[in-house]
Amino acid sequence: MRSGSTALPDFPWDSLAEVKATAHAHPGGAVDLSVGTPVDPVPEPIRAALASVSDIPGYPATHGTPELRAAAVEALRRRHGIEGIEPDAVLPTIGSKEMVAWLPRLLGLGPGDTVVIPELAYPTYEVGALLAGASVLRADSLFALGPQRPAMIWLNSPSNPTGRVLGVDHLRKVVEWARARDVIVVSDECYLALGWEAEPLSILHPSVCGGSTQGLLAVHSLSKSANLASYRAGFVTGDPRLVAELLAVRKHAGMIVPRPVQEAMTAALADDEALAVQRERYERRRTVLQKALHHNGFRIDYSEAGLYLWASRGEDAWQTLAWLAERGILVAPGTFYGPKGGQHVRVALTATDERVEAAAERLQ
Ligand SMILES: Cc1ncc(COP(=O)(O)O)c(C=O)c1O
């Protein structure tokens, strides 16, 4: 049998079985900070919106409802200062992971093309390049690319796993460099609403793109901003020509967001209050965990935004993992995100207040 998965890396979380068993043996139970999965309630108005259209038997539109596209444009304007996006340049996605994993393929990239991803990156960028048969290059600077002309560059600010925020100058330089070479820049902005010590900027902010979306795509997710990870809710926007191309292929491929989820997304994108409440929860947990880690001699690098603390004890990440697992705390090793993560662990802010307090107590 031919197997498509052989070309892909091992699924990293499978390797946590042993430390997981150690953490779960703790008498107070495990505190799982190894994955960024939301734990707080789905806001009631969003659930009501989902239920309100549960009796629609027909197929939904791949492009989403006009109301959803308008709500996305408005939310980008209100929350992130992005102007001038046409509603037709918004395309809903079944969460953002599938878009990350299939984007190179959907845009027709293949063997001979190179996709640039951050040195430390969400693993699915690499998977997406491999699914298209393209090559992957890890680089954080244009300088590191030398004379190469990649087909696509992924940016992720705030970053998973480091929480690093790219400044306006960095973003602008990448856009200018890429436009001069006809390279597509795709910015994964799923943590854009979670700035703590820095204000994250979209690639589509006028100060970055000069008011033109040419050659640019921004990938958004409602998983973390609205606790909708289980609904699978995201969208992509930017250059209308690129979005139209994606829409054309996705119509053929059946990549459609379910109609009730489209309704829930429309409600979530209008609900800045729910977003503010969620931000506060994460900010509180971040403060508690940051203090507890510092108290135990951890150094925390970057982490000025997003859903993670990028922490190090100056030793091999798996040693740190074992040390925390003895205390019933589970985190992810930096190596999941790239070879440069060997001395860091990624600590997610996604546990209940009770579990976060339990972790802090164990780190007294
Ligand atoms: C950087 C980044 N991009 C995309 C995703 C995918 O999120 P979702 O598929 O839930 O939208 C994640 C999930 O953790 C992520 O960290």
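Predicted model: local features only at pLDDT ≥ 70, side-chain atom pairs only at ≥ 80, totals over all residues.
Let's start with the overall shape. Along its principal axes, the chain's C-alpha atoms fill a box of roughly 55 × 55 × 50 Å. A compact globule of 364 residues would have a radius of gyration near 21 Å, and this chain has 20 Å, so the two agree.

Now for the annotation. An unreviewed UniProt entry marks residues 31–363 as "domain: Aminotransferase class I/classII large". Across that stretch, 39% of the chain is helix and 15% is strand, and its end C-alpha atoms sit 12 Å apart.

Next, find the open sheet of four strands, which pair antiparallel in the order E9-E10-E13-E12. Its edges are strand E9 (299–301) and strand E12 (332–333), each of which pairs on one side only. E12 is joined by two bridges to strand E13, residues 345–348, running antiparallel to it. There, Pro333 stands opposite Val345 of E13. Packed on this sheet is helix H10 (residues 272–295), touching E9, E13 and strand E10 (308–312). The direction of H10 makes an angle of about 5 degrees with that of E10.

Finally, take a look at the ligand. Which residues come nearest to it? Of the 14 around it, they are Gly95, Ser96, Lys97, Ser221 and Ser223. Sorted by class, the shell around the ligand holds eight polar residues, four nonpolar ones and two charged ones.

Conventions. Residues numbered from 1 in each chain as written. UniProt positions renumbered as here; feature names shortened; annotations may be inferred. Near = placed C-beta within 6 Å. Nonpolar A, V, L, I, M, F, W, Y, C, P; charged D, E, K, R; others polar. Pairing = 2+ DSSP bridges. Contact = placed C-beta atoms within 7 Å. Axes fitted to C-alpha atoms, helices over the stretch in contact; angles between N-to-C directions. Rg over C-alpha atoms; globule rule 2.2 N^0.38 Å.
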